[in-house]
Amino acid sequence: MHFFAHSTAIIDEGCSIGNNTKIWHFSHIMSGAVIGESCNIGQNVMVASGVKLGQNVKVQNNVSIYSGVTCEDDVFLGPSSVFTNIINPRSAVNRKNEYTPTYVGRGATIGANATIICGRKIGAYSFVGAGAVVTKDVPDYALVVGNPARQTGWVSKMGHKLAFNAQGLAQCPQGKDWYQMVAEKAGNGKIEAL
């Protein structure tokens, strides 16, 4: 494997790090972590045992990724964002066998200072706004903000907010790709890339 790790980074034996990945100052990659190719791990990042990061994942400074988290390819984790892995932590109660997995889909963005409560699925290409507290699953392409996080719209693969016309179609202003609003059961909407 050919990756770069700054001299202050701690890389435990037994982790897997893909080619062309960069690990910066004061970061700690624990044994059992799996990091894909061409990732960028910023300063003061902790990647715990059992974490799986796909290819081209960008982890900004001061992020904690705890056991049970899986991030697919092209995920962006903003500065000081954090994941949890126990729903009801107590210092005096050992719950290491009760970690609840969290899944972040391909191309998703987690904004700066966002908190992801364990057991959630963050959909592909979704966008979690800065400071949001995610307590429920986030649909593919959804834009969520606030505490607790609530959906306020839809975004394209390029991260632009989409405006749908009367026919339920929207075009990304940058990528020029089209999206269609599709009805789901119980009246909830979802979108699909065309």
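Rings of Phe, Tyr and Trp (its six-membered ring) count as a pair if their centres lie within 6.5 Å; planes under 30 degrees apart are stacked, over 60 edge-to-face, and the rest tilted. Y125, Y141 and Y179 form one aromatic cluster. This is a predicted model, in which local features need pLDDT of at least 70 and side-chain atom pairs count only at pLDDT 80 or more, while totals for chains, interfaces and linings use all residues. Residues are numbered from 1 along each chain as its sequence is written, and side-chain values use heavy atoms, with hydrogens and water left out.

**Aromatic pairs**

- The ring rule gives a count of three aromatic pairs.
- Y125 and Y141 are stacked, at 5.6 Å centre to centre and 15° between the planes.
- Y125 sits in the loop between strand 18 (121–122) and strand 19 (127–128), and Y141 in the loop between strand 20 (133–134) and strand 21 (142–145), so this pair ties together parts that are 16 residues apart in sequence.
- Y141 and Y179 have ring centres 5.4 Å apart and planes at 70°, so they are edge-to-face.
- Y179 belongs to strand 24 (residues 178–183) and Y141 to the loop between strand 20 and strand 21, so the pair ties together parts that are 38 residues apart in sequence.

**Burial and backbone of the tyrosines**

- Buried means under 20% relative accessible area, exposed over 50%, and partly exposed in between (1.4 Å probe, protein chains only).
- Y125 counts as buried at 18% relative accessibility, and its phi is positive, about 60°, although Y125 is not a glycine.
- Y141 is buried with a relative accessible area of 9%; its phi is also positive, about 65°, and Y141 is not a glycine.
- Y179 is buried as well.

**Cis peptide bond**

- The peptide bond from N147 to P148 is cis, with omega near -5°.
- P148 is placed in the loop between strand 21 and strand 22 (150–154).

**Whole chain**

- The chain has zero helices and 25 strands; helices (H or I, at least four residues) and strands (E, at least two) are DSSP runs, numbered from the N terminus.
- The C-alpha trace spans about 55 × 40 × 25 Å along its principal axes.
- Buried residues make up 38% of the 194 residues.
- Of the contacts (heavy atoms within 4.5 Å) with a separation of 6 or more, 15% are between residues 24 or more positions apart.
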